[in-house]
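Please describe the overall fold and the nonpolar packing of the structure shown below, with the cut-offs behind each term.

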Amino acid sequence: MVAPSPIFVAGTGRSGTSQLANILGEHPRVHRIPIETRFLVDPGGFRDLADALTIRYDPYVGDDALRRLSDLLTRRLVLNIDIDRGHNVPQAIGERHYWGAVGRLWPELVATTFDEPVPGAGFGHTDWPPGPFEPQSRRRAVPRYFSDRSELLAVLRRAVDTMFGGAAEDAGKPIWCEKTPFNLLCMDFLWELYSEATIVHIKRHPVAVVASHIDQPWAPSTVEGVLAWLKPIYDRWLAWKANADLDTRRYVEIKAEDLAAAWPEQRKALFESVGVDDFATASTFRTRNLHHRDDRFDSDTRALIERALGDVIAAMGYR
């Protein structure tokens with residue numbers, strides 16, 4: 001059995017990521033962060049910032065990245081209440097841990113700030129002075145440049161440790177688990193942040209994933225639209241995997257169908273793969289839940305999907 005480590009759950013979406021994270025979080029040693037936190041891999045989050053303050057640095061790129069991160073952390077994640085859970089990201093993590101980490105970030109990321117004058121509305125034409133309610137200036141940040149990327153990653157990791165580690169400690173558990181489906185396409189960055197992390201990728205038959213996407217309000221509602229959404233995700237993951245050195249990483253790839261077919265044996269193997277002993281969880285994978293949309297498509301539509309995703313289906317070990 002490997003030693004326990006932070007856990008990231010990944011998948012395409014509608015592949016079983018939520019159920020898998022729930023199962024892991026029912027273990028007495030694993031705390032599931034009970035919401036998709038978004039700020040690690042989403043646009044404007046830590047992954048974008050890591051490039052903006054290192055390999056893509058210039059003052060404008062860095063200022064833009066800091067503005068987007070500030071907007072994500074202080075506005076979007078605060079205003080977005082999870083419909084199913086009834087709370088936002090700071091509440092799910094713990095307000096004290098979340099805001100403590102956010103507040104400590106800025107002095108570590110910003111070299112200095114200054115006020116840039118803003119021309120009046122008529123500037124360049126009749127040179128009218130700005131009106132009484134027009135902004136006279138705007139705040140600009142000069143971001144720090146991290147020539148040593150590991151220094152910036154250490155800053156970002158401390159913030160995550162404060163948030164996720166603090167939440168796990170409050171729950172009385174030593175290990176945390178974070179689930180965001182598109183961790184799937186960001187594994188290199190997650191391992192930069194936590195080289196010891198275990199990433200668990202859960203797969204489901206692509207035809208079933210297509211059927212499930214059609215029913216979601218956040219995805220296209222037609223087969224053609226869902227294929228346009230999903231095919232590049234599969235292609236990017238397969239291209240990455242072909243060149244990734246996964247033998248040196250803590251990477252677990254499992255099929256939802258296998259978990260359902262051989263539970264609890266597969267559950268035991270899952271827990272062992274993340275470094276904890278087996279535990280009988282209330283949640284499980286059930287075959288009927290994975291196949292209840294099997295009759296969603298007529299034969300012609302299913303054939304169309306299988307043609308479009310034929311290489312993907314085979315590469316993922318399905319028929």
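How many helices and strands does the protein chain have? The protein chain has 14 helices and 7 strands, where helices (H or I, at least four residues) and strands (E, at least two) are DSSP runs numbered from the N terminus. This is a predicted model, in which local features need pLDDT of at least 70 and side-chain atom pairs count only at pLDDT 80 or more, while totals for chains, interfaces and linings use all residues. Residues are numbered from 1 along each chain as its sequence is written, and side-chain values use heavy atoms, with hydrogens and water left out.

Of the 319 residues in the protein chain, 47% are buried, meaning under 20% relative accessible area with a 1.4 Å probe and protein chains only. If contact is taken as heavy atoms within 4.5 Å, then 78% of the contacts between residues at least 6 apart in sequence join residues at least 24 apart.

Two separate nonpolar cores can be set side by side, each being a set of buried Ala, Val, Leu, Ile, Met, Phe, Trp, Tyr and Cys residues joined through side-chain atoms within 4.5 Å.

| Nonpolar core | Size | Members include |
|---|---|---|
| Largest core | 71 residues | F39, L40, F46 and L109 |
| Second core | 23 residues | A21, L259, W263 and V276 |

In the largest core, F39, L40, F46 and L109 touch the most other members, and helix α6 (residues 149-170) supplies the largest share, 10 residues. Leaving aside residues up to four places away in sequence, L40 touches F8, G45, F46, R47, V160, F164, F189, L190 and L193.

Key. Buried means under 20% relative accessible area, exposed over 50%, partly exposed in between (1.4 Å probe, protein chains only).
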